[in-house]
Amino acid sequence: MLLQRNQIRIHLPFAAIALALVAGGVIWYVIDSRAAGQWLGGGSTVGLVCGIVAGAIIAFEMLLWPRKALRRLRLFPTKYWLAAHLWLGLASFPLAVVHSGFHLGGYLPATFMTVFSLTIFSGVYGWIVQNVLPKWLLRNLPAETIYSQIDHVAGLATDDAKRLLIASCGQRRTAIEQVQLDMEDMDMSLTQTIVIGAVRQAGKGRTSGRTLQTKQAHDSRDDRDRLWTAYDNIEQFLLHGSSITSPVTDRREATIWFNRLRKDCGDPSQDIIDSLEQLCDQRRQFDTQRVVHKWLHAWLPLHIGLSISVSILLVVHVWTALKYW
Amino acid sequence: MTSPDSPKPNPFSSSNLNLSMALPSILGEEPRIDDEALFARDFDGHLVRVEKVTAAELDQTVTLTIDGTDVTVPLAVPKRDSQGKVLRDNDGTPIPRPTTIYDATSEAFVNQPGQVHPIPTLCHREHLPPVGVCRVCMVEVTEMTRRGTRSKLVPSCVQRVTDGMIVNTVSSDKDPDAAERVRRAASTVVELLMADHAPKTASAENSAPTNNELVEVANRLGVQSSRFQPRETSRGQDLSSQMIAVNHDECILCGRCSRGCSGIKLNDVIGRSGKGYETKIAFDLDDPMGQSSCVSCGECAVSCPTGALQFQPAFIQNQVRRVKDELAEDGNQGEIVTADELIKYELFSGIPYKFLQFNGAAVVRRTLQPGERLCTEGEYGSTAFVILRGEFEVFLSSARGAVRNRRADGIWGWLGGLKTVVESVGGKAHLSDLSGVAIGENQRIFVSAEDVILGEMTCLNRYPRSATVVAVEPAEVLEIKRNILYMLQRNETSREILDHVYRKRALQNQLMSLPILESLEDRDKERVANALRDRVDLISVDPGQVIFRQGDPADNYYITRLGFVKITQEFQGDERVLNYLAPGNAFGEIGLLGDLGKIFADELDYDIQPGTRTATCTALDHVELIRIRGKHFRGLVRQFPSIRATMIKTVGDLLKRDTQSRQQLQEVQAEDFLEQGLYLAQSLLVLDLERCTRCDECTKACADTHGGVTRLIRDGLRFDKFLVASSCRSCMDPYCLVGCPVDAIHRNGDSLEIAIEDYCIGCGLCADNCPYGNINMHGFPKQEVDEKGRLRTVYQTKRDGSRKPIVQQRATTCDLCTSIDGTPSCVYACPHDAAFRMTGPDLYKITSKK
């Protein structure tokens, strides 16, 4: 959840409650401890109260789970749930520390405290990540799409590229057509030339004369094969992204590759090449999105796993504490 | 072609009557090869006459005599769609088609709904392209040729009118002999059709139910029985569809079903198969109807003149039962008017009986006591009211103070804005300002049965109701659904009545509030409005149609009554948007300057370059305009001296504004905003991408709320940091409402949401109509009402004995979660406060500030 000024009204009430709980608990604890002349443990009144509050908060935090499962019951606007989850969750840690009396105790309390600390840490990490990465995504990945639809959109983009080629330079040439074309090319190379310069004087001395500067006629149909070959090179990349080795996987290499292709092709093909380059760039953005998405959400399973562990350890902790009171 | 000299025996008739011999005797003279030389096939493969028509012929008239009455009609008329809307080419010019004898006869003799047309016909309907296949509409035409007068029988639905033509129909009193000749010719055709296609259950004499036009025509022509022997082979029946029963034996192959299917609904399912006597209508590649791609829109059955395509009785009964239950559930008082009853009302007599059956409960009779409210200002009604008796008062409920929501002060505010306060921000707003009905704040209008209909504007333009209507004496109305109103528009006579009422209401008082008359006294305004009332045009413009182009000659002044107009200007080779005008605004003022510049030359110290348009104006949606011709306006200026001073100031201001607007070319983003139709949106789902963590809680919440099917896609247009998700926008002018064959999509009450009822038949028309792809088709288990009035799932039993629910496609769209509590789940479920609902202009304001 983003922390910014225009969201202060959502956060402030819960931050205030959290602060009050922590401040209240700590002040009470310090006063009692000074009176007792030592740091009080979880068995003292203040320690016990702080422990109960921290335990209640942990129980409340876990209610986020049934809330999600019962989403359609509309128990409370979710943004308030999350704000409460964040601030009260943060408050639970100092309260738990106060409850522990700055001692880790035996194996169970030590494990509990360690797992609890990791849970809080993973939550804070997630909070930071959620504040930073969406802005990064917005700025750097304009082609971002729905994460689960990346493969589908990539498939559509590949189809688009194919359709673009068919529409602009026709279907891929068949083998027979290719042979026929080679023969035509041979024929053309002998006969078809175009004048590219003015009449000029050539040679010196006895063999001088006036000649025309010519060049072999450029057949725009040549681009068809080049573009289809280019498509073959990038098709797998468009479909599967960076997991495929292709000349366009790396952004810098892709720029060089496309520039070379531009030089090889005539003017009418430049727009098509631009479109292909854009599609490749889009695919690279999808790959980046995939990575960022994992960063954005991969902490959550860890946080949930740790939270469940904390809940179990809490129950065990309460049971053992009551048993050996 | 069979030579008249060598007649061949008719192989299909066992009687002694030989057709080729009989026809000359009926006609009384030798048959001639007429001049039907040039033919072409239309989109359905029908052989049609090729007629070249030019736009100039729209303004040329011809006079002909029909049954002794001189009739003057234009040589060509504009082509219209099935709703009577004029079709235009890319330049906005009406596409002409030749005026036929049938058209001219309608014009002359059919002025009231329910009036019997002098020419009987089977294959033709005025909303369908004529094909002339049944030959029942034959008339005798006498024309002058170089060899003298020449009479011949022609099909009136495809034969164009010519000057001086003398036409005698089967109903002609002036020339009984000609009428008899026509009757005998048409009767023979009808006898032939009756021999093979007459309904088995009812003979021609006692065909009480009026749902078989063939029987009706036979009765009208006095055909008691056919002289021809019926054929022995049967073409069979097709009962595979749960909605429509097909009886091929009753099919006369008139092509009305296929033209309805392909030409009106654009489904292209129905064609023909077989040859000769085996020819029949076919669905897709001759599949059974229930297994074809037919979407069960019902258009074919509604179009069919015989019993070949009929609605299954169980379907009709379920329809009626469902509406009865709904009425009871909603506590609505009213009594369903059945098709049999409804067809007796004159206004509805032009509607096909089967359509009324299909929409079994689309008309409800309501009785009101004095003081009882018929409808309320602001409601998104999808019904209109045909007044049967009584008088009603129409007025604005109250001027609503403009309000806004803000967070509460004090402790509630500090607690995260848990409480919202509605506060007045001053000013007054009327829904009528938006929907274009100008009615004074303290004004009362009284309407009675003479006004025919009430509340039709909401149905036709899809805007909220603009006024409240209360009964002032005991009254009775028929509440009709939108699709019945659309069907009324197919009939030219009903359409004229509706147009007249609509036009009258639309112009009522609107002229008083012309922006250009703002500074005049009320008395002067009234005088001007009265002077203009019969001189202005109310014109309708389709989305995307150019009203005028930059550089065009200018001589008209426009006021937008409904819809939005985009004003663009060519600027350094690019087209830039200058502005967009909401209803109530005027444009094209510069066109008036043509002469006003000269009139005010002394007073105006401005270099006026009149006569050409300085910008291009394009309709962004369905736009209605009031057009005032320049000459009328100039006449007013001369007639009313009080306008003169105002006009000098107004014209000066307009010129300044025009210069300024040319300088203040808007940003490209405004163009995108307009082109994407966002200005029409009343409830966009906007996601702040800086806050959104892509957790998809909004989508999951939507799916959880709506039976596992999400109604939003978290992707779409981006404006600045905002993503406009693909979800229903609750447009001000929702195109999706147009054309639903069962009126399953509409707005309810005064809320914004588009509701799709459970009885959606899944034809997909609304999904096609939505320009933003926000209506999706999903498969759901089919449900029907059982005998006890409860909904039950319909199963099909497979060969192995297992039962599976029948899956039926249904349209789904965002209903703003009105079925829950009206708070959209997507917004409610967003944990990051990143999802919002806002109007298009609000989004524009936010993004423009950045």
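Here are some notes on this predicted model, meant for someone opening it for the first time.

1. Start with chain B as a whole. Its secondary structure comes to 23 helices and 45 strands. Of its 850 residues, 41% count as buried. If you look at contacts in chain B between residues at least 6 apart in sequence, 70% of them join residues at least 24 apart.

2. Next, the nonpolar cores. The largest one has 99 residues, and the members that touch the most others are B:Met138, B:Val182 and B:Val190. Helix 3 of chain B, residues 176-197, gives this core its largest share, eight residues.

3. Setting aside neighbours within four places in sequence, B:Met138 is in contact with B:Leu153, B:Val154, B:Pro155, B:Val182, B:Ala185 and B:Ala186. There is also a second, separate core of 83 residues, and among its members are A:Leu138, B:Leu625, B:Leu687 and B:Leu689.

4. Now for where the chains meet. On this interface, 25 residues of chain B are in contact with 25 residues of chain A. On the chain B side, the elements that give two or more residues are helix 20 (697-705), strand 35 (713-719) and helix 22 (825-829). Helix 20 of chain B has the largest share, with five residues. Sorted by class, the chain B side that touches chain A holds 11 charged, nine nonpolar and five polar residues.

5. For strand pairing, have a look at strand 16 of chain B, residues 363-368. Strand 15 of chain B (residues 335-336) pairs with strand 16 of chain B in the antiparallel sense, over two bridges. In this stretch, B:Glu335 stands opposite B:Arg365 of strand 16. Strand 16 of chain B also pairs with strand 25 of chain B (residues 475-481), again antiparallel, over six bridges. Here B:Val364 stands opposite B:Glu479, a residue of strand 25.

6. Last, a loop residue. B:Asp286 sits in the loop between strand 13 (280-283) and helix 6 (299-303) of chain B.

Key:
Residues numbered from 1 in each chain as written. Chains lettered and ligands numbered in written order. Predicted model: local features only at pLDDT ≥ 70, side-chain atom pairs only at ≥ 80, totals over all residues. Contact = placed C-beta atoms within 7 Å. Helix = DSSP H or I, 4+ residues; strand = E, 2+ residues; numbered from the N terminus. Nonpolar A, V, L, I, M, F, W, Y, C, P; charged D, E, K, R; others polar. Core = buried A, V, L, I, M, F, W, Y, C linked by C-beta atoms within 7 Å. Buried ≥ 20, exposed ≤ 12 C-beta atoms within 10 Å, placed from the backbone. Pairing = 2+ DSSP bridges.
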